[in-house]
Every structure is written in C-alpha cells, then in structure tokens.
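Let us walk through this fold together, going from strand pairing to packing and then to the rings. Keep the viewer open as you read.

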Amino acid sequence: MAVIATTVTGVLVLVAIIIVGVVATVLPHNSVPTPDALCAIAVLRTAEPDATALTRPACAPPRITGTGHGATALAAAARWLGTPYSWGGGGLDGPSRGIDQGANTVGFDCSALTRYAWHQAGVVLPRTAAEQWHALRHIGPGYQAPGDLVFFQGSGGGPNHPGHVGLVLDTDRMIEAPRTGLRVRISRYTVRQDIIGYARPGS
C-alpha cells in the first residue's frame with residue numbers, strides 16, 4: 001500500500017508502507033529466523049555503513065559460479081544473507097543464539113557460517129577461523145575458487161592465527177558474517193589489507 005503525503009515545501013513524497021507480517025524485527029528469544037523472514041526484514045534496511053560492503057539488497061540471490069561442493073557450500077551460505085552476526089552463534093543446522101555479546105542474538109559468527117555452509121556440502125570443518133586455517137590445505141593467491149575460504153588477520157588475530165574468515169564467491173567478492181552489529185552479507189575481499197591467505201575444504 002502507498003500513501004502520498006505533501007511536505008511543507010509542496011513537494012509530493014511517495015511513502016511506501018511495507019507490511020512484512022511481523023511488526024517487530026526483534027526475534028523472540030527462542031526462535032530461529034527463516035531465510036524468507038530475514039529477506040523480508042533485510043529489504044527494509046539501508047546499506048550498512050562499511051566501505052567493503054556492496055549496496056545490493058542483502059537477500060538478493062547471488063550468481064554462484066563453479067560446481068561441486070564449493071557451489072553447494074556457497075548456496076547454503078547465501079540462504080542466510082541478512083542474518084544477524086552473533087558472537088559464538090551458529091551451528092551445523094543453522095543460526096543459533098551466541099555467547100557473551102551474542103547471547104541475545106540468533107545468528108552466525110564468521111567461522112560458524114563457513115562451517116555450516118561446508119557441512120551442507122558434506123565436509124566437516126573445525127569451529128574457529130584459526131582451527132580451520134590450520135586444518136585445511138592452503139591455496140596460493142590467484143588460485144582461489146568459489147567456495148574456498150579466505151582468511152584475514154581480523155580483530156585479535158595474527159599472521160598465523162586468523163581472526164576472520166569468509167567464503168570466496170568469485171575473484172572479488174565473498175559471503176561473510178562480518179562482526180557484531182552487522183549481518184551476513186556479500187562484500188569485497190580484494191580491497192582488504194589484512195588477508196592471510198586461502199584454503200580449500202574437502203581437498
């Protein structure tokens with residue numbers, strides 16, 4: 001439904017009123033968001049104020065190239081675009097309530113998203129970004145493929161102890177659960193200066 005309102009300057013403004021079926025965007029304490037519900041909420045938001053974030057709608061399905069397990073993992077992660085970041089949140093079955101600052105948020109942290117996605121492709125990964133980095137076969141820059149993991153020094157991390165991880169979507173972009181206050185999104189990894197390297201699950 002749309003309502004037309006007139007401002008004091010006489011300019012007509014079209015105000016879109018979108019009803020998504022749920023008035024509050026805060027989820028009940030014990031509920032797990034569904035991809036469709038998150039899409040309905042995500043389209044109401046403006047772009048996150050982060051230089052590496054793309055401005056495409058959070059729930060728009062990305063074009064996934066590649067085949068096999070990597071494509072399966074990417075498709076699984078893409079289902080949850082728009083999901084809140086939750087420190088310690090996320091399991092093999094999907095978003096969950098986190099711990100500490102994530103205790104009141106149902107969602108994923110970065111390594112839980114990569115672990116969930118690759119679990120859907122039949123590959124079990126360790127829980128944290130650092131553990132994933134040390135457990136997997138590393139790939140040289142320029143050889144990364146869709147579904148590979150890209151690791152960053154991140155907050156509290158180091159050159160041999162990554163603090164952040166995302167899933168390579170293509171030669172420029174990744175799917176990631178960025179940090180508290182943001183949501184699972186597509187962003188550019190090539191503009192970041194803290195890349196540690198790439199690794200390939202299932203190899």
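Strand 5 and strand 10 pair in the antiparallel sense, with 3 bridges between them. One of the residues involved is Ile139, whose bridge partner in strand 10 is Tyr198. The model you are looking at is a predicted one, so each value here is computed from predicted coordinates.

This pairing belongs to an open sheet of 6 strands, in the order 5-10-6-7-8-9, with antiparallel pairing. Strand 5 (137-139) and strand 9 (185-188) stand at the edges; each has a single partner strand, so one side of each has no neighbour in the sheet. From one strand to the next, the twist averages 40°.

Now move along the sheet to strand 7 and strand 8. These two run antiparallel and are joined by 2 bridges, and the hairpin that connects them passes through 4 residues. Across this pairing, Leu167 stands opposite Ile175 in strand 8. On its other pairing, strand 8 is joined to strand 9 by 4 bridges, and these strands also run antiparallel. There, Glu176 has Arg185 of strand 9 as its bridge partner.

Which way do the residues of strand 8 point, one way or the other? In a regular strand, side chains alternate between the two faces of the sheet. Arg173 and Ile175 point one way from strand 8, while Met174 and Glu176 point the other way, and all are buried.

Helix 2 lies across strand 7 and strand 8 (173-176), running at about 115° to strand 7. Helix 3 also packs on the sheet, where it touches strand 6, strand 7 and strand 8, and its direction makes about 35° with that of strand 7. In helix 2 the buried residues include Gly70, Ala71, Ala73 and Leu74, along with Ala76, Ala77 and Ala78. Helix 3, strand 7 and strand 8 are among the elements that cover the buried residues of helix 2.

What do these elements build between them? The largest nonpolar core has 31 residues, and those touching the most other members are Phe108, Leu113, Trp118, Leu149, Leu167, Ile175 and Val184. Two or more residues each come from helix 2 (68-78), helix 3 (110-120), helix 4 (129-135), strand 6 (149-152) and strand 7 (164-168). Helix 3 gives the most, with 6 residues.

A pair of aromatic rings is described by the distance of the centres and the angle of the planes. The count comes to 4 aromatic pairs. Trp80 and Phe108 form one that is edge-to-face, at 6.2 Å centre to centre and with 65° between the planes. Trp80 sits in the loop between helix 2 and strand 3 (96-97), and Phe108 in the loop between strand 4 (106-107) and helix 3, so the pair ties together parts that are 28 residues apart in sequence. Both of these residues, Trp80 and Phe108, are buried. Tyr189 and Tyr198 form another edge-to-face pair, at 6.1 Å centre to centre and 75° between the planes. Tyr189 counts as buried because its relative accessibility is 0%, and Tyr198 is buried too, at 7%. Ring pairs also link Trp80, Phe108 and Tyr116 into a cluster.

Finally, step back to the whole chain. The protein chain has 4 helices and 10 strands, following the pattern β-β-α-α-β-β-α-α-β-β-β-β-β-β along the sequence. Of its 203 residues, 42% are buried. Among contacts between residues at least 6 apart in sequence, 51% join residues at least 24 apart. The chain exposes about 10,500 Å², of which carbon and sulfur atoms supply 58%. Gly202, in the segment after strand 10 (195-200), counts as exposed because its relative accessibility is 60%.

Terms used: Residues are numbered from 1 along each chain as its sequence is written. This is a predicted model: local features need pLDDT of at least 70, side-chain atom pairs count only at pLDDT 80 or more; totals for chains, interfaces and linings use all residues. Side-chain values use heavy atoms; hydrogens and water are left out. Buried means under 20% relative accessible area, exposed over 50%, partly exposed in between (1.4 Å probe, protein chains only). Contact means heavy atoms within 4.5 Å. Accessible areas come from the Shrake-Rupley method with a 1.4 Å probe; for residues, only the protein chains shown count as cover. A nonpolar core is a set of buried Ala, Val, Leu, Ile, Met, Phe, Trp, Tyr and Cys residues joined through side-chain atoms within 4.5 Å. Two strands pair if DSSP finds at least two bridges between them. Axes are lines fitted to C-alpha atoms, for helices over the stretch in contact, and angles run from 0 to 180 degrees between N-to-C directions. Rings of Phe, Tyr and Trp (its six-membered ring) pair if their centres lie within 6.5 Å; planes under 30 degrees apart count as stacked, over 60 as edge-to-face and the rest as tilted.
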